[in-house]
Amino acid sequence: MIVYLSDPSLWLALLTLTSLEIVLGIDNIIFISILSSRLPKSKQKKARQIGLILAMGTRILLLFSLSFIMKLTTPLFTIIEKTISGRDIILILGGLFLIAKSTTEIHHKLEGDSNIGDDSKKQISFTQVILQILILDVVFSLDSVITAVGMTDQLTIMIAAVVLSVGFMLLSSGSISDFVDRHPTIKILALSFLILIGVALLGEGLRFHIPKGYIYFAMSFSVIVEFLNMKLRSKSEKPITLRGK
C-alpha cells in the first residue's frame with residue numbers, strides 16, 4: 001500500500017485512466033438517462049443508479065477476467081478475407097443494438113403515442129429498461145476495459161479508476177438527465193451521436209477502424225452549434241415537446 005501511495009507514476013496512471021473512463025462513460029450516462037426517461041418520474045433516478053452500478057460491476061468483473069478478455073481477440077473464423085474474433089462479434093452486435101435502439105427512441109420521441117404523461121411510460125417496464133441498460137453496459141464496458149488494459153498492468157489501479165469514474169457519474173447523472181430532458185434538441189442530438197457510435201462499433205467489429213478523434217470532433221462541433229442556437233434563440237420561443245416525456 002505504501003508503494004502505491006508513494007509512486008507518482010501510479011497516481012498519474014490513476015488520474016489519466018479515471019479521466020478517460022469518465023469521458024468514455026458520458027455517452028453511457030446519456031443513453032441510460034434517455035432509457036430511464038421512458039419510466040414514471042418516481043422510478044427514473046432508481047433506474048439510473050442501478051444502471052450505473054451494473055456498469056461498474058460489469059467492468060470490474062471483466063477486469064478480473066482479463067485472461068478471458070485477451071482470448072476474445074483470437075480469430076474464430078474468416079468472412080470475406082476478414083478474421084472475426086469474439087470481441088468483433090460483441091462489437092458488431094453492440095453496434096447494431098445501438099443503431100436499432102437509438103432509431104427506435106428517436107421514432108418514439110417524435111412520432112410515438114399521442115398520450116403524453118405517465119400512462120405512455122407504462123408501455124415499457126422497469127425490468128425491460130434495466131435489461132436494455134445491462135446490454136448497453138456490456139458493450140461499453142468491453143471497450144473501456146480494453147482501453148484500461150492498454151494503459152496500465154496494475155489491476156488495483158484499473159478497479160480504482162472504474163469505481164471513481166462511476167462515483168462521479170452517479171453524482172452527475174441527475175443533472176445531465178435533467179438538462180437533456182429540458183432540451184429536446186439535445187436529446188435528439190444525443191440519440192444521433194449514439195447512432196454514430198453504433199456505426200463506429202460496427203466498423204470496429206468488421207476491422208474497419210474509424211479514428212475516435214473524428215467522431216468526438218463531429219459530436220463536439222454539433223454540441224457547440226446547438227449551444228449557440230440555444231443562446232441565440234429568443235426566450236419567448238417555446239421549444240418543441242417530444243413525446244413520452
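User: How do α9 and α10 run relative to each other, parallel or antiparallel?

Analyst: This is a predicted model. In the model, α9 (residues 184-205) and α10 (residues 212-232) pack at an angle of about 170°. Angles over 145 degrees count as roughly antiparallel, so α9 and α10 are roughly antiparallel to each other. Their axes are 11 Å apart.

User: Which residues in α9 and α10 meet?

Analyst: From α9, the contact includes Ile186, Leu189, Phe193 and Leu196. From α10, Met219, Ser222, Val223 and Glu226 are among them. By class, the contact of α9 with α10 has 11 nonpolar, 2 polar and 1 charged residues.

User: Why would residues three or four places apart point the same way?

Analyst: An α-helix has 3.6 residues a turn, so residues at that spacing point the same way.

User: OK, new topic. What space lies in the largest pocket?

Analyst: About 450 Å³. The lining has 17 residues, and Ile26, Ile30, Phe193, Met219 and Val223 lie nearest the centre of the pocket.

User: Which helices supply the lining of that pocket?

Analyst: α2 (8-36), α8 (155-182), α9 and α10 each supply at least two residues.

User: And how many of the lining residues are nonpolar, polar or charged?

Analyst: The lining divides into 15 nonpolar, 1 polar and 1 charged. Phe193, Met219 and Val223, listed nearest the pocket centre, also belong to the contact between α9 and α10.

User: Back to α9. How many residues has it, and what is its reach?

Analyst: α9 has 22 residues and spans 32 Å from its first C-alpha to its last, close to the 32 Å expected. Just after α9, Arg207 has a positive phi of about 65°.

User: At what angle do α8 and α9 cross?

Analyst: Their axes cross at roughly 110° and come within 5 Å. α8 and α9 are therefore roughly perpendicular to each other.

User: What meets what there?

Analyst: Phe179, Val180, Asp181 and Arg182 in α8 meet Pro184, Ile186 and Lys187 in α9. This contact has 4 nonpolar, no polar and 3 charged residues.

Note on methods: Residues numbered from 1 in each chain as written. Predicted model: local features only at pLDDT ≥ 70, side-chain atom pairs only at ≥ 80, totals over all residues. Heavy atoms only, no water. Axes fitted to C-alpha atoms, helices over the stretch in contact; angles between N-to-C directions. Helix = DSSP H or I, 4+ residues; strand = E, 2+ residues; numbered from the N terminus. Parallel < 35°, antiparallel > 145°, perpendicular 65-115°, else oblique. Contact = heavy atoms within 4.5 Å. Nonpolar A, V, L, I, M, F, W, Y, C, P; charged D, E, K, R; others polar. 1 Å grid on protein atoms, 1.4 Å probe; cavity = no way out; pocket = protein on both sides within 12 Å on 5 of 7 lines; lining within 4 Å. Points joined across faces, edges and corners; volume = space filled by probe spheres on them. Expected span 1.5 Å × (residues − 1).
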